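Here is a short report on one protein model. Look over the sequence and the fold, then read on.

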Amino acid sequence: MLSIEQLVQYRQIFDSSLIKREAKIKLPSAINKTAHVGEPETHHFDLYGYKNAIDNQEHVALISGDVEKFDIPLVRIHSECLTGDVFGSLRCDCGPQLNHAKAMIAKEGGIILYMRQEGRGIGLLNKLKAYELQECGADTVEANHQLGFAADLRRYELSAFMLKDLGISKIKLITNNPDKIHALAKFGIEVIERVPLIVGQAEENISYMQTKKEKMSHLLDKE
Ligand SMILES: Nc1nc2c(ncn2[C@@H]2O[C@H](COP(=O)(O)OP(=O)(O)OP(=O)(O)O)[C@@H](O)[C@H]2O)c(=O)[nH]1
Ligand SMILES: [Zn+2]
């Protein structure tokens, strides 16, 4: 007999009505040729906006190249991090990861799914509260627990639906987090290759990165 979880999963795999593409625009955007040097150059992306019935958040897909011709595209699933993505916080590696992934897909073609799962799903203000606790000695996992949350509340079915909407079921995933690969597989997205993205390490985030490696199984050793 199927469990409720399996039934929900089954419905989510096949119920494409849970997600809807509502807008598609052109997005010229500046790309730095390398992380540190070179004049920015303009790259022409497409940006698709999605609405959904699962978390009621609005998520976007940034696309470089002709999505209809993609075979096994390079994909980055980036979780929102206002502090890192917008303000260049060095407490985490998100900002450099986003910029680097953008440059990678500009060069090779591919997709960034920008998922509004701020603070690993606990939201912006809770993440700031978690930072307060970290300033008092907790690590990133302990801080979430002290606030009553699991270490990571993110879900990936919406990312899978967005990829399916774009006609994609096999990807090369830019990530250091094996959980994403397993989560996507449950929703019918096969990760053919994992592409590491080890950038953005700084003095200010040494212990945060160490916790991701030790407690959250992130693959952060440079081969
Ligand atoms: N709750 C919480 N969220 C954080 C903290 N630092 C960063 N984040 C959030 O973590 C998310 C990014 O997760 P990461 O663990 O950096 O990376 P990942 O997406 O799991 O894996 P990669 O694909 O390898 O980048 C973003 O939503 C950030 O806002 C923190 O200390 N506490
Ligand atoms: Zn961050």
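## A covered strand

Strand 4 (residues 74-79) is mostly covered, with six of its six residues buried. Buried means that 20 or more other C-beta atoms lie within 10 Å of the residue's own; exposed means 12 or fewer, partly exposed lies in between, and C-beta atoms are placed from the backbone. Strands (E, at least two residues) and helices (H or I, at least four) are DSSP runs, numbered from the N terminus.

This is a predicted model: local features need pLDDT of at least 70, side-chain atom pairs count only at pLDDT 80 or more, and totals for chains, interfaces and linings use all residues. Residues are numbered from 1 along each chain as its sequence is written, while chains are lettered from A and ligands numbered from 1 in the order in which they are written.

## Two faces, two partners

In a regular strand the side chains alternate between the two faces of the sheet. In strand 4, L74, R76 and H78 point one way. V75, I77 and S79 point the other way. All of them are buried.

Strand 4 pairs with strand 5 (residues 110-115) in the parallel sense, over six bridges. Two strands count as paired if DSSP finds at least two bridges between them. H78 stands opposite Y114 in strand 5. Strand 6 (residues 170-174) also runs parallel to strand 4, joined to it by two bridges. There, K172 is the bridge partner of L74.

## The annotated cysteines

An unreviewed UniProt entry lists C81, C92 and C94 under "binding site". UniProt positions are given in the numbering used here, feature names are shortened, and annotations may be inferred rather than shown by experiment.

C92 lies in the loop between helix 2 (82-86) and helix 3 (94-108). C92 counts as buried because it has 22 C-beta neighbours inside 10 Å. Leaving aside neighbours within four places in sequence, C92 is in contact with C81, G84, N205 and Y208. Contact means C-beta atoms, placed from the backbone, within 7 Å. C94 lies in helix 3. C94 has 21 C-beta neighbours inside 10 Å, so C94 counts as buried. Not counting residues up to four places away in sequence, C94 touches C81, G84 and D85.

## An exposed threonine

Is T42 buried or exposed? T42 counts as exposed because it has 9 C-beta neighbours inside 10 Å. T42 sits in strand 2 (residues 41-52). T42 touches P28 and A30, not counting residues up to four places away in sequence. T42 and E157 are 115 residues apart in sequence and 32 Å apart in space, C-alpha to C-alpha.

How values were computed
Two residues are in contact if their C-beta atoms, placed from the backbone, lie within 7 Å.
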